[in-house]
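Subject: Structure for you to look at

Hi,

Here is the structure I promised to pass on. Have a look at it first, and then read my notes below.

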Amino acid sequence: ICTGQKGVKILFDCFFKEVFNPEYAPQRLSCLLSILLKKKVRVLKVLPNDSTRIAAEPTLLITDIVVEFEDGSIANIEVQKIGYRFPGERAACYSADLLLRQYKRVKDREKYNSKNFNFKNMRPVHVIVFFEHSPKEFHAFPDACLHSFHAVSDTKLELNLLQNFLFIPLDIFHKTMENKTIQTELEAWLTFLSTDDPEQIYNLIKKFPIFKEMYEDIFRLCQNTERVMDMFSKELAEMDHNTAEYMVDEMQKDLDEAREIIQEKDNELKLKEDTIQSQSDELKLKEGTIQSQNDELKLKESTIQSQSDELKKAYALIEKLQKEQHS
């Protein structure tokens, strides 16, 4: 950064919050979110990350801020260096957490007159997640840079179910922009958020001058070398911790999969052993049946032999009687 070989990563928490601080540059975050949500929004204030937020967990987040819009809607903006496993399930839990948080705030506002509380006062909540390295599910859609979700009825009945989700895989965006020039505001913002390449930064500022002021803010921040080094130390330590947590998570996943494979092999082996035992029992049964049939056959042969001997004796007696008659 100091030599100009690389630009800063805007996604780092310290730089992101410096650039998008609603206290002295409210229009920036409003502009970005308006483009992402495809409607005009204005950020009113940043809310603290506390209250009903789900219990602490090993985090892979770089940035995590909650803002309130002018119309009362709430948005949670997250930046993940490495995408969590089960991103949909996790986002749904945090969306529910945001909704509960808003419900309590609206309820508290009307606590002195409970009759005034009405669910129509509830506003939509948005979970917006930027991935520096997106989970594997997103790579099945190599041309998609924005994934928007909201509840839709199969009967076309329209109900305001309040929960909205937006996932932005920046690594996939980079691939789609290879050998391409920036054309739209959306591409410009996503480039600003994801690139630390000086040439790309130069081309971005040249085509969209609005970003020049933001880079100047970062430049002024970087002039305090001691502060920047301290911020980087904290960022890198957190990233190392996050990467370690992710690797442990992935290793646990591999271990679980290996155990499942071993269990499947054990089940297959047991099934084969049971089959062999069944075939062995069947063979023994057949051998018993054959032995029984052999014994039966010997008994019949013995009976036939006995009857044959008696018949021979009868023939001999007849022959003797015939001879005596002739004489």
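Here is what turned up, starting with the strands and ending with the salt bridges. Keep in mind that this is a predicted model.

Let's begin with strand β6, which covers residues 163-169. Of its 7 residues, 6 are buried, so the rest of the structure largely encloses this strand. Which strands pair with β6? One is β4 (residues 125-133), which runs parallel to β6 and is joined to it by 7 bridges. Another is β5 (residues 147-150), which runs antiparallel to β6, with 4 bridges between them.

Next, click on helix α5, residues 185-194. This helix is mostly covered, with 8 of its 10 residues buried. Among them are Trp-189, Leu-190, Phe-192 and Leu-193, but also Glu-187 and Thr-191.

Now for the charged side chains. How many salt bridges are there in the whole structure? The search finds 10. Three of them are worth a visit:

- Arg-28 and Asp-217: their side chains meet at 2.8 Å, N to O. This pair links distant parts of the chain, as Arg-28 sits in helix α2 (residues 26-37) and Asp-217 in helix α7 (residues 210-222), 189 residues apart. Are these two buried or exposed? Both Arg-28 and Asp-217 are buried. They also belong to a network of salt bridges that includes Glu-213 and Arg-220.

- Glu-70 and Arg-42: here the N to O distance is 3.0 Å. This pair, too, links distant parts of the chain, 28 residues apart: Glu-70 is in the loop between β2 (61-69) and β3 (74-82), while Arg-42 is in the loop between α2 and β1 (43-47). Why does Glu-70 count as exposed? Its relative accessibility is 52%, and the cut-off for exposed is over 50%. Arg-42 has 42%, so it counts as partly exposed.

- Asp-274 and Lys-270: this salt bridge has an N to O distance of 3.5 Å. Both residues lie in helix α8 (residues 225-326), 4 residues apart, which is about one turn of the helix. Asp-274 counts as partly exposed because its relative accessibility is 41%, and Lys-270 counts as partly exposed at 49%.

Cheers

Methods
Residues numbered from 1 in each chain as written. Predicted model: local features only at pLDDT ≥ 70, side-chain atom pairs only at ≥ 80, totals over all residues. Heavy atoms only, no water. Buried < 20%, exposed > 50% of the residue type's maximum accessible area, 1.4 Å probe, protein only. Helix = DSSP H or I, 4+ residues; strand = E, 2+ residues; numbered from the N terminus. Pairing = 2+ DSSP bridges. Salt bridge = Lys/Arg side-chain N within 4 Å of Asp/Glu carboxyl O.
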